[in-house]
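Here is a short report on one protein chain. Look at the fold as a whole, then follow the headings from strands to core to loops.

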Amino acid sequence: SELAREKSIAFSVSSDLNGVDFIEPLDISTIFSNALDNAIEASEKLPEEQRAVLVKAGKVQNFFSVLIENNCLQNSENTNIRSTTVLNISKH
C-alpha cells in the first residue's frame, strides 16, 4: 500500500484470510507480491487521476479466492481498459 501511495495510485483492499490455513504463508505472500507488482506497474503508466488498484481476497467454500483489478493501457490503441486478475486456489 505504501508503494501505491508513493506512486499516487488509489489502493483499496478487502480481505479475510480466516480459514485459509491450507496455503502456506509464503505462497500467499508470493501470490500477492507478483499480482500487485503487475497491477502497480500497469497503473503507474496512466495519468494520476486514473490510477487505481482494487484487491479482494478470502475463502469461498473450499477455495482461496483473490481478485485484483486495475486500470491499464491497451497496448495497440493506447486507450484505457480495466484489467482483472482472478485466482481461485482449492483446498486439497
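## The order of elements

From the N terminus, the elements of the protein chain run α-β-α-β-β-β. That gives 2 helices and 4 strands. Helices (H or I, at least four residues) and strands (E, at least two) are DSSP runs, numbered from the N terminus.

This is a predicted model, in which local features need pLDDT of at least 70, side-chain atom pairs count only at pLDDT 80 or more, and totals for chains, interfaces and linings use all residues. Residues are numbered from 1 along each chain as its sequence is written, and side-chain values use heavy atoms, with hydrogens and water left out.

## How the strands pair

Two strands pair if DSSP finds at least two bridges between them. Strand β1 (residues 10–16) pairs with β2 in the parallel sense, over 7 bridges. Here S15 stands opposite A57 in β2.

β2 also pairs with β3, in the antiparallel sense, over 8 bridges. K56 stands opposite L67 in β3. β2 and β3 form a hairpin with 2 residues between them.

Of the protein chain's 92 residues, 29% count as buried. Buried means under 20% relative accessible area, exposed over 50%, and partly exposed in between (1.4 Å probe, protein chains only). In soluble globular proteins, nonpolar side chains tend to be buried together.

A nonpolar core is a set of buried Ala, Val, Leu, Ile, Met, Phe, Trp, Tyr and Cys residues joined through side-chain atoms within 4.5 Å. The largest one has 16 residues, and F32, V53, F64 and I68 touch the most other members. Which elements give two or more residues to this core? They are α2 (25–43), β2 (52–60) and β3 (63–73). α2 gives the most, with 6 residues.

Take V53. Leaving aside neighbours within four places in sequence, V53 is in contact (heavy atoms within 4.5 Å) with residues including I9, F11, L36, A39 and I68.

Most residues other than glycine have a negative phi, and most peptide bonds are trans. S8 is not a glycine, yet S8 has a positive phi of about 55°. S8 is found in the loop between α1 (2–6) and β1.

Q61 lies in the loop between β2 and β3. Q61 is exposed, with a relative accessible area of 70%.
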